[in-house]
Amino acid sequence: MTYLPSEGEKPFRFPTNNTNVKKKKQPLKPLSLLSGMQQILTWSQNEMSQFKKAGFTLIEVLIVVVILAVLAATVIPQFTDSTTDAKKSSVMLNLHTLRSQIQLYRAQHEGDVPSATLNELTIATDVDGNAGGTFGPYITKIPVNSFTNSNSVKTLTAAPTSTDFNTTDGWLYNTNTGEIWINYEDLKDE
C-alpha cells in the first residue's frame with residue numbers, strides 16, 4: 001500500500017544523516033470500499049496459492065512411506081543376522097576354549113578326562129584329578145552357551161543325536177572320549 005500526499009503536502013522523506021529527527025504523523029488517504037475489498041481478495045488469493053505450494057500431496061507422502069518401508073525391510077534382517085552371527089562367534093570361541101583346556105587336562109593327567117561336570121577344569125588338581133594339586137585351574141568357570149544362556153553340562157556316552165539337544169543345557173560332553181559339543185542343533189557338526 002502506498003501513501004500518497006494530499007494536494008499541497010510535501011512527501012515525507014526519512015533523514016539520512018540525522019537519526020534523532022521524529023517522524024510527522026501524516027493522515028492516510030481514505031480508500032473506497034470497493035478498492036479495499038479488491039485488496040483483501042488479492043491478498044487472500046496470494047496467501048492461498050503460497051499455502052498450496054508449501055504442502056505435500058497425498059501421493060508424495062505415500063511414496064516416502066513406501067521408500068521407508070523398503071529400507072526397513074532391507075535393514076532389519078541384517079541386524080537380526082548380526083545378532084545370530086555374534087552369538088555363533090561367542091559360542092564357537094567358548095567351544096574352542098573348552099576343547100583346548102580338556103586336551104591340556106588330558107595331557108597333564110595321563111590321558112584321563114575330566115568328570116561329567118567339568119569341575120576339574122576350574123580347580124587346581126594333582127595328577128590323579130584330586131583337588132589341591134599343581135595342575136590348573138584351566139578356566140575360571142564353565143563358559144555360557146550364548147544360544148541357551150546356560151553353562152550346565154549334559155553328559156553323553158556317544159556322539160550327540162537330535163534327541164540330545166535341548167534348551168536347558170549349555171554343553172554336551174562325552175565322558176568316555178572327552179569330546180564336547182555345543183548344545184544347539186544347528187551347530188552340531190562344529
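Accessible areas here come from the Shrake-Rupley method with a 1.4 Å probe, and for residues only the protein chains shown count as cover. This is a predicted model, in which local features need pLDDT of at least 70 and side-chain atom pairs count only at pLDDT 80 or more, while totals for chains, interfaces and linings use all residues. Residues are numbered from 1 along each chain as its sequence is written, and side-chain values use heavy atoms, with hydrogens and water left out.

View 1. The accessible surface of the protein chain comes to about 14,100 Å², and carbon and sulfur atoms hold 59% of that. Helices (H or I, at least four residues) and strands (E, at least two) are DSSP runs, numbered from the N terminus. Of the 190 residues in the protein chain, 22% are buried; that word means under 20% relative accessible area, with exposed being over 50% and partly exposed in between (1.4 Å probe, protein chains only).

**View 2. N145 and its surroundings.** Look for N145 in the loop between α2 (58–108) and β1 (153–156). N145 counts as buried because its relative accessible area is 0%. The N145 side chain reaches the backbone nitrogen of F147 at 2.8 Å. Neighbours within four places in sequence aside, N145 is in contact (heavy atoms within 4.5 Å) with V91, S150, G170, W171, I182 and N183.

**View 3. The aromatic pair of Y105 and Y138.** The structure holds two aromatic pairs. Rings of Phe, Tyr and Trp (its six-membered ring) pair if their centres lie within 6.5 Å; planes under 30 degrees apart count as stacked, over 60 as edge-to-face and the rest as tilted. Y105 and Y138 pair edge-to-face, 5.7 Å centre to centre with 75° between the planes. This pair links distant parts of the chain, with Y105 in helix α2 and Y138 in the loop between α2 and β1, 33 residues apart. Both Y105 and Y138 are buried.

**View 4. The aromatic pair of F147 and Y184.** Here the rings of F147 and Y184 are stacked, 3.9 Å centre to centre and 10° between the planes. Again distant parts of the chain are linked: F147 sits in the loop between α2 and β1, and Y184 in the segment after β3 (180–182), 37 residues apart. F147 is buried, because its relative accessible area is 18%. Y184 has 27% relative accessibility, so Y184 counts as partly exposed.

Conventions. Polar contact = N/O pair within 3.5 Å; in protein donor to acceptor, adjacent residues only side chain to side chain.
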